[in-house]
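Please walk me through this structure in the viewer. Tell me what to select at each stop and what is there.

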Amino acid sequence: MSTPFIRVQQAEMVFTSRKGRFHALRDIDLDIAKGEFVTLIGHSGCGKSTLLNLVAGLLRPTGGGLLCDGREIAGPGPERAVVFQNHSLLPWLTCLDNVLLAVESVFGGREPRPRLMARAEEALRLVGMNHALFKRPHEISGGMKQRVGIARALAMEPKVLLMDEPFGALDALTRAYLQDELIRIVAATHSTVVMVTHDVDEAVLLSDRIVMMTNGPAATIGEVLAVDLPRPRDRVALAEDAGYVHARKAVIDFLYTRHRHADAQAA
Ligand SMILES: Nc1ncnc2c1ncn2[C@@H]1O[C@H](COP(=O)(O)OP(=O)(O)OP(=O)(O)O)[C@@H](O)[C@H]1O
């Protein structure tokens with residue numbers, strides 16, 4: 001790999017709450033190259049969001065360290081934009097104003113208002129939402145809200161796009177549509193992406209590498225699978241592709257044979 005863009009070195013996360021200590025993650029070592037698409041997959045509660053939040057700077061590790069572009073990740077920053085499962089748009093603002101707010105937070109001090117507006121409109125166009133600039137979140141569908149959330153993140157021109165199950169709450173068809181959109185957008189923007197998912201097909205379709213996590217407590221990276229399928233990827237053609245089937249089987253085998261969840265074992 002060329003010089004890693006994101007480095008996670010021996011990261012550990014122990015949560016301390018009123019209920020006591022919980023050792024969530026241990027010995028996490030992960031290097032991510034610029035322009036790479038990496039997904040984190042593992043059973044519920046294994047610590048995928050925790051790891052993503054460490055990269056986002058929303059959490060600080062209790063051991064080890066994280067770097068982005070050679071600098072320690074000491075908190076959230078505009079170079080690492082996060083897209084959550086529930087869009088988190090402000091309900092009283094239009095789609096355009098929701099995106100504009102993010103644009104202003106990054107470029108507000110140095111660019112005139114028409115330029116900021118153009119940035120917001122361009123991001124919404126990129127996700128195919130330029131028809132709904134002046135609609136409020138309650139006036140658009142769940143999939144559209146998620147697209148606006150992605151536009152808001154992209155408009156900040158982040159070095160890294162961090163996505164926590166961005167399509168988890170959507171129906172299968174909308175999810176497939178947005179996965180294809182994301183493939184197109186990432187190809188155009190050359191973004192570095194780290195994405196949490198539960199969905200094996202989504203992981204194989206989108207990823208350059210799939211990071212498979214063991215079950216908690218004290219979860220860690222069990223295996224990393226390189227997905228060497230050529231791009232652009234087409235979901236219909238891939239369905240019968242031997243490389244796709246092989247990668248899919250490797251992830252399923254990890255999750256359901258070698259690292260079966262305790263709840264599933266008890267069932
Ligand atoms: N603030 C916190 N305080 C205490 N424990 C926490 C905290 N945040 C997360 N945890 C625990 O850490 C573990 C990992 O949580 P995390 O949300 O990262 O898992 P996940 O793999 O993203 O789960 P899911 O797939 O269900 O979203 C869980 O056992 C969770 O209960």
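Start by selecting leucine 162: setting aside neighbours within four places in sequence, its contacts are Leu52, Val55, Ala56, Arg80, Ala81, Val82 and Val194. Two residues are in contact if their C-beta atoms, placed from the backbone, lie within 7 Å. This is a predicted model, where local features need pLDDT of at least 70 and side-chain atom pairs count only at pLDDT 80 or more, while totals for chains, interfaces and linings use all residues. Residues are numbered from 1 along each chain as its sequence is written.

Next, select Val55, Val99, Ala151, Leu162, Val194 and Val251, which touch the most other members of the 73-residue largest nonpolar core. Such a core is a set of buried Ala, Val, Leu, Ile, Met, Phe, Trp, Tyr and Cys residues joined through C-beta atoms within 7 Å. Buried means 20 or more other C-beta atoms within 10 Å of the residue's own, exposed means 12 or fewer, and partly exposed is in between.

Now select helix H4, residues 142-155, which gives this core its largest share, seven residues. Helices (H or I, at least four residues) and strands (E, at least two) are DSSP runs, numbered from the N terminus.

Then move to histidine 23, in strand S2 (residues 20-32). Histidine 23 counts as partly exposed because it has 15 C-beta neighbours inside 10 Å. Beyond its neighbours within four places in sequence, histidine 23 is in contact with Val14, Pro217 and Ala218.

Finally, show the whole protein chain: nine helices and ten strands. Its C-alpha trace spans about 55 × 45 × 40 Å along the principal axes.
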